[in-house]
Amino acid sequence: VIDFYFSCTDFFAYDLAVCINAWCFKNEQLQKKQAQELLRHYQAVRPLSTAEREALPILLRGAALRFLLTRLFDWLNQVEGALVKVKDPLEYYRLLQFHQSHSSTSLYGL
């Protein structure tokens, strides 16, 4: 089950960036074929506009930063007995570093 609780309230391309970060990295290495396939199948249903294509690198950074900060908050504010599993915030710090060093959409198959 995919939890899209906060999705679809803004840019669809941002939700796509969240999915790329969550599904297309293994051991913090981009799985290029997975990213390309995700984008190909997504665009078969809803093609990205030129503006969305151009914005994807910054949206990937924004999505990585959002999860970095959320995880960091949870890490620093752990509640005893909470059902939330605290995850390593540095995973998304490293994804953010990856996206900062790659600004071309061709890496993702666009």
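**A first look**

Author: T50 is exposed, with a relative accessible area of 55%. Keep in mind that this is a predicted model.

Reader: Where does T50 sit?
Author: T50 belongs to helix 3, which covers residues 50-76.

Reader: How far apart are T50 and A63 in space?
Author: They are 20 Å apart, C-alpha to C-alpha. In sequence, 13 residues separate T50 and A63.

Reader: Which residues form the nonpolar patch on the surface?
Author: L65, L69, L72, W75 and L76. Together they have about 490 Å² of accessible area.

Reader: Where is L65 found?
Author: In helix 3. L65 is partly exposed, at a relative accessible area of 37%.

Reader: Now the packing. At what angle do the axes of helix 3 and helix 4 cross?
Author: At roughly 160°. The axes come within 8 Å, and helix 4 covers residues 90-100.

Reader: Are helix 3 and helix 4 roughly parallel or antiparallel?
Author: Roughly antiparallel. An angle over 145 degrees counts that way.

Reader: Is the crossing left-handed or right-handed?
Author: Helix 3 passes helix 4 in a left-handed crossing.

Reader: What about helix 1 and helix 2? How do their axes cross?
Author: Helix 1 is residues 12-23 and helix 2 is residues 32-45. Their axes come within 10 Å and cross at roughly 150°. That makes helix 1 and helix 2 roughly antiparallel. Their crossing is right-handed.

Reader: Switching topic. What is the phi of N27?
Author: About 50°, a positive value, although N27 is not a glycine.

Reader: Where is the place of N27?
Author: In the loop between strand 1 and strand 2. Strand 1 is 25-26 and strand 2 is 29-30.

Reader: Is N27 buried or exposed?
Author: Exposed, with a relative accessible area of 70%.

Reader: On to charges. How many salt bridges does the structure hold?
Author: It holds 5. Side chains of opposite charge can pair when their charged atoms come close.

Reader: Which residue forms a salt bridge with E28?
Author: R94 does. The closest N and O atoms of E28 and R94 are 2.4 Å apart. E28 is in the loop between strand 1 and strand 2 and R94 is in helix 4, so the pair ties together parts 66 residues apart in sequence.

Reader: Is R94 buried or partly exposed?
Author: Partly exposed, at 33% relative accessibility.

Reader: Which residues are linked with E28 in a network of salt bridges?
Author: D88 and R94. The network links E28, D88 and R94.

Reader: Which salt bridge does E91 form?
Author: E91 pairs with R71, and their closest N and O atoms are 2.8 Å apart. E91 lies in helix 4 and R71 in helix 3, so this pair ties together parts that are 20 residues apart in sequence.

Reader: Wait, helix 3 and helix 4 again? What was their arrangement?
Author: Helix 3 and helix 4 are roughly antiparallel to each other.

Reader: Is R71 buried or exposed?
Author: Buried, with a relative accessible area of 14%. Buried means under 20%. E91 is partly exposed, at 29%.

Reader: And what does R40 pair with?
Author: With E37, in a salt bridge whose closest N and O atoms are 2.7 Å apart.

Reader: Where do R40 and E37 lie?
Author: Both lie in helix 2. R40 and E37 are 3 residues apart, about one turn of the helix. R40 is partly exposed, with a relative accessible area of 47%. E37 is partly exposed too, at 30%.

Methods: Residues numbered from 1 in each chain as written. Predicted model: local features only at pLDDT ≥ 70, side-chain atom pairs only at ≥ 80, totals over all residues. Heavy atoms only, no water. Patch = residues over 30% accessible without salt bridge, like charges linked within 9 Å, V, L, I, M, F, W, Y side chains within 5 Å. Areas by Shrake-Rupley, 256 points an atom, 1.4 Å probe, with all protein chains shown as cover. Salt bridge = Lys/Arg side-chain N within 4 Å of Asp/Glu carboxyl O. Helix = DSSP H or I, 4+ residues; strand = E, 2+ residues; numbered from the N terminus. Buried < 20%, exposed > 50% of the residue type's maximum accessible area, 1.4 Å probe, protein only. Axes fitted to C-alpha atoms, helices over the stretch in contact; angles between N-to-C directions. Parallel < 35°, antiparallel > 145°, perpendicular 65-115°, else oblique. Left-handed = near helix turned anticlockwise from the far one by under 90°.
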